[in-house]
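Could you walk me through this model in my viewer, one selection at a time? I would like to know what to pick next and what is there.

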Amino acid sequence: MNKTIRRASVFALLLVLALLVRATWLQFYDGQALADDNHNRRNVIATYSRPLGNIIVAGEAITGSARTKGSDLAYKRTYTDGELYAPVTGYASQAYAPTQLEGIYTDLLNGTDNQLKTVMDTVTGERPDPGNVLTTIDPAVQKAGYRALGGKKGGAVAIDPKTGKILAVVSTPSYDPSTLTDANTAGKAWKALNADKDKPLTNRALRQPLPPGSTFKLVVAAAALEDGLYKDVDQPTDSPDPYIMPGTVQPLNNENKSAPCKNASIRVALRYSCNNVFGHMAVELGQDKVKEMAEKFGFNDDEQDVPVRAYASVYPSDMDKAQTALSGIGQFDVTATPLQMAMVSAAIANGGKLVSPHMVSQITDSGGDVLKDYDDGTETSEVIGSTTAEQLQSAMETVVKDGTGTNALIDGVTVGGKTGTAQHGENNSKTPYAWFTSYGKSDANGKEVAVAVMVEQSDAARSEVSGNGLAAPVARAMMQAALK
């Protein structure tokens, strides 16, 4: 064999070896990655080759699966009362990545979760039957909130303070997840939903933090009582009216000009929602103490999973004293979700203890055997002492009986609450946000619930936008449903 042929043979052999190495690498190392790739249609075909597991509310499935026609995807996801429960379920789509509970429990619902595998499944390589997700949602409370919000743009959350169970997650306007499930029609629906100026895909209950306005005064009051700045809610405060914010010539005005806000006690200041009292109180405490209390309630938590991850509610840092004053009334850069403000009321109602909120009770296999019980794994943290909690409960009940929250009154129920009307836009040029955070305790059966409502926009005239006028009636409807 001459030299040229020998070199060509060696080169060809090296090429063959390279191909073998590459093929081996693909087969044994990259194979799983390719199999798991989102663009691998085999995965989609396998996922929708049979019915998915279901999301359950009060023992009834609010999801299902339907046969398709003329597609290699044999089934598609269906929803019962899709618009009502969309903030809970999200969507499972043949065309788009799943969201909310559908996204978190994708593997469980399509049967690929290792928790579902039996010994026989491991031996045969067969995919086990899919599991189910049992939620904590109370359909009566969910429906009450959805109907009460009606055509308004907003969000609401209801929590059982004793257990942390989320009884309702409401966001309006909503959307029907069924429009996104079929790959052949999802694209048109997706474009329409994203082009909608009202942003129906946004989960306003969990994932749109906005200025909480005067509802945040509860956090400042808690900080003042825990710090010892004031011994109880009936002690007069050192609060000038008008209160000129430090370093400025700008007074922190009160909405009600005739309210007795000068040196008002915490009870009176919450009743009349006195800005001068809580702006001055925040400056007296200092931003660090207010921030510490806010974080005990759950602010600044980037990993607030219920198990859907909520956007963090924010209490800012590095403020000057004027900005700290504004933060004391839930303005400047303070933001909160309805979930967060419901947590504030829940902790106060529960004697100062915050039970971690969650909207999944259990996950099960196809036969109903429990794989994980989330009700047994709840964590409880002490946010404020029981004495402080009792003081704030008393003051919040005054707000509802004799103050700015009278639209939340319910016969036979002890209701405490706090209204909020948060400025929106430069120089408050846009329609304010209306807030109400509250709790209700039934005198008849001992049931308790905490509810927070945010109305981002409504058809009401600007002069009629208030926490009591727009948000409190929604909270009232939800509390009534929960306490039956």
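Start by selecting I55 and V133: in this predicted model, V133 in strand 5 is the bridge partner of I55. Now widen the selection to strand 1 (residues 55-57) and strand 5 (residues 132-135), which run parallel and are joined by two bridges. Bring in the rest of the sheet next: five strands make up an open sheet, in the order 2-1-5-11-12, with mixed pairing. Look at its edges, where strand 2 (60-61) and strand 12 (370-373) each have a single partner strand, so one side of each lacks a neighbour in the sheet.

Next stop: a pair of helices. Select helix 7 (residues 139-149) and helix 16 (residues 467-482), whose axes are 8 Å apart and which pack at an angle of about 160 degrees. Because angles over 145 degrees count this way, helix 7 and helix 16 are roughly antiparallel to each other. Their crossing is right-handed. To see the contact itself, show the side chains of A140, V141, A144, G145, A148 and L149 in helix 7, which meet V474, A477, M478, A481 and A482 in helix 16. Sorted by class, this contact of helix 7 with helix 16 has 10 nonpolar residues, one polar and no charged ones.

Now move on to strand 6 (residues 153-159), where seven of seven residues are buried. In a regular strand, side chains alternate between the two faces of the sheet.

Seven bridges join strand 6 to strand 16 (residues 448-457), and the two run antiparallel; pick G155 and you will find M454 of strand 16 opposite. Strand 7 (residues 166-172) also runs antiparallel to strand 6, joined by six bridges, with I166 as the bridge partner of I159.

Then select helix 9 (residues 217-227), which is mostly covered, with nine of its 11 residues buried. Among the buried ones are K217, L218 and V219. Step just past helix 9 to G228, which takes a positive phi of about 90 degrees.

For the last stop, is Q331 buried or exposed? Find Q331 in the loop between helix 13 (321-327) and helix 14 (338-349). With a relative accessible area of 10%, Q331 is buried. Beyond its neighbours within four places in sequence, Q331 is in contact with P211, G213, L326, T421, A422 and Q423.

Terms used: Residues numbered from 1 in each chain as written. Predicted model: local features only at pLDDT ≥ 70, side-chain atom pairs only at ≥ 80, totals over all residues. Heavy atoms only, no water. Helix = DSSP H or I, 4+ residues; strand = E, 2+ residues; numbered from the N terminus. Buried < 20%, exposed > 50% of the residue type's maximum accessible area, 1.4 Å probe, protein only. Contact = heavy atoms within 4.5 Å. Pairing = 2+ DSSP bridges. Axes fitted to C-alpha atoms, helices over the stretch in contact; angles between N-to-C directions. Parallel < 35°, antiparallel > 145°, perpendicular 65-115°, else oblique. Left-handed = near helix turned anticlockwise from the far one by under 90°. Nonpolar A, V, L, I, M, F, W, Y, C, P; charged D, E, K, R; others polar.
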